[in-house]
Amino acid sequence: MVRFLYTVLLWLLLPFIFLKLLLRSRRQPEYLQHLGERFGFYQVSSTKPVIWLHAVSVGETRATVSLVAKLRASYPDHQIVLTHTTPTGRATSEQLYGDDVLRVYLPYDYPFAVRGFLRHFKPNLGILMETEIWFNLIHEAHAAGVPVLLLNARLSEKSARGYARAAQLTRNALRQLKAIAAQTPDDAARLIQLGAWSVSVMGNLKFDIAPPSKMLTLGAALRGQFGPGRKAFLAASTREGEEALLLDAWQDGDALLVIVPRHPQRFDEIAQLLERRGLRYQRRSEDRDVAFDIQVVLGDSMGEMFAYYAACDIAYIGGSLLPFGGQNLIEACSVGTPVLVGPHTYNFTDATRLAVEAGAAVRVKDAAELFQVAGNLLCDEGRLAAMRQHGMQFVASHKGATDRAMDIIIAALESRES
């Protein structure tokens, strides 16, 4: 009955879903593409057995790299189908995997839509990444005999409170999953409190990511464009309102400020902000040397974050000066880039805490302190070098989540076949 009421609510929200897609398409037209997929109708199909992997957007998709590589090596006769929710997640998948995987949108959580998805692809196994608990999807997969795993699961206190408002729905969904593996003991404890039977701890797949050599080469090229002797400060994955805070606090010296907004639909917005402030800037897409009188480089490219990290001397990880919960700092640490974060990192609580404890990152309280600390670090090559080393050691010491995830996947597939 509770799931029925949830489904009725979804139907009542349908007009608003279309309105939301329409509004988002004004800034990102891709939201109006592949609309049929969002309701369980697909043009692509597979003649091979399917392993289905759901990664919502960019961060979750990038985290799949090591796992997809292992899956392809272990199950070469299977087709991997990656599902996404956002166009940027889909675009990231295309950049990472090309035609090696099939990619579609996960349907909205209407029973007819998720049944359409399951009938069309007939997956042998489903893998949900991070925090993806869709009540009808999990119920219909369970009813169809498709084992579904929740891997690399993370659940902040804020998200846990949200799911607790639908306690019975959440408990039923968690107990219909074949297995759950959380990133940390705290994540596991919150999932168990919500009703999961048993939750293992696998670590974080993001630690297993290896900086692509192509991106490191591009990073060296960008470093050359910036000017080999010029210090570069990176503001990575910035969110709405943060760029203004950064520009207010930034002291225009010899260092180059590189701003890479989290969402590509905001590139033009940030360009207009820089113009209104009379700042001399250059877009990354211009792909040319940066003159010394250029104050800011606007990173208006997708899929090049590793290159930006490799090209810059220090990086602020966006979404943490304002209460967005922060972004992944592991990629920066993996290439040895010293990291600064603001006070709001609840989406990556443990990774951030461990990075700070390891000496790979420094937490600041606001934008003014951010640039004060950054200025001190850029003048202290010894401390910068130590932070670079600590960052790489920090990432290396937490690897292994992919192998633990594969053990769970292999067990689930063998259980289904037996």
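Strand S9 (residues 256–261) and strand S11 (residues 296–298) run parallel and are joined by 3 bridges. Two strands count as paired here if DSSP finds at least two bridges between them. Helices (H or I, at least four residues) and strands (E, at least two) are DSSP runs, numbered from the N terminus. Val258 of S9 stands opposite Val297 in S11. The model is a predicted one, so local features need pLDDT of at least 70 and side-chain atom pairs count only at pLDDT 80 or more, while totals for chains, interfaces and linings use all residues. Residues are numbered from 1 along each chain as its sequence is written, and side-chain values use heavy atoms, with hydrogens and water left out.

S9 also pairs with strand S8 (residues 232–238), in the parallel sense and over 6 bridges. Ala236 has Val260 as its bridge partner in S9. Together with helix H11 (residues 242–249), S8 and S9 make a right-handed β-α-β unit. Right-handed means that, with the strands pointing away from the viewer, the path from the first strand over the helix to the second runs clockwise.

How many of the 6 residues of S9 are buried? The count is 6 of the 6, so S9 is largely enclosed by the rest of the structure. Buried means under 20% relative accessible area, exposed means over 50%, and partly exposed is in between (1.4 Å probe, protein chains only). In a regular strand the side chains alternate between the two faces of the sheet. In S9, Leu256, Val258 and Val260 point one way, whereas Leu257, Ile259 and Pro261 point the other way.

S2 (79–84) and S3 (102–105) pair in the parallel sense over 4 bridges. Thr83 has Val104 as its bridge partner in S3. Leu102 and Val104 point one way from S3, Arg103 and Tyr105 point the other way, and all are buried.

Helix H5 (residues 111–121) has Pro111, Ala113, Val114, Gly116, Phe117, Leu118 and Phe121 as its buried residues. What do the buried residues of H5 pack against? They pack against H1, S1, S2, S3, strand S4 (123–129) and helix H6 (135–143). After H5 comes Lys122, whose phi is positive, near 45 degrees.

Charged side chains come next. Side chains of opposite charge can pair when their charged atoms come close. A salt bridge is a side-chain nitrogen of Lys or Arg within 4 Å of a carboxyl oxygen of Asp or Glu, and the structure holds 24 of them. One of them joins Arg90 to Glu37, with the closest N and O atoms 2.7 Å apart. Arg90 lies in helix H4 and Glu37 in the loop between H1 and S1, so the pair ties together parts that are 53 residues apart in sequence. Both Arg90 and Glu37 are buried.

Arg277 and Asp248 form another salt bridge (2.8 Å, N to O). Because Arg277 lies in the loop between helix H12 (267–276) and strand S10 (281–283) and Asp248 in helix H11, this pair ties together parts that are 29 residues apart in sequence. Arg277 is partly exposed at 37% relative accessibility, whereas Asp248 is exposed at 53%. Arg239 and Glu240 also meet in a salt bridge (3.5 Å, N to O). Arg239 is buried at 17%, and Glu240 is partly exposed at 35%. Elsewhere, Arg27, Glu243, Arg266 and Glu269 are linked in a network of salt bridges.

Two loop residues remain. Leaving aside neighbours within four places in sequence, Ser320 is in contact (heavy atoms within 4.5 Å) with Glu242, Gly326, Val341, Gly342, Pro343, His344 and Thr345.

Leu32 is found in the loop between helix H1 (2–25) and strand S1 (50–54). Leu32 counts as partly exposed because its relative accessibility is 40%. Leu32 belongs to a nonpolar surface patch with about 1200 Å² of accessible area together, whose members include Met1, Phe4, Leu5 and Phe16. Patches are made of residues with over 30% relative accessible area and no salt bridge: like charges are joined within 9 Å, nonpolar side chains (Val, Leu, Ile, Met, Phe, Trp, Tyr) within 5 Å. Accessible areas come from the Shrake-Rupley method with a 1.4 Å probe, and for residues only the protein chains shown count as cover.
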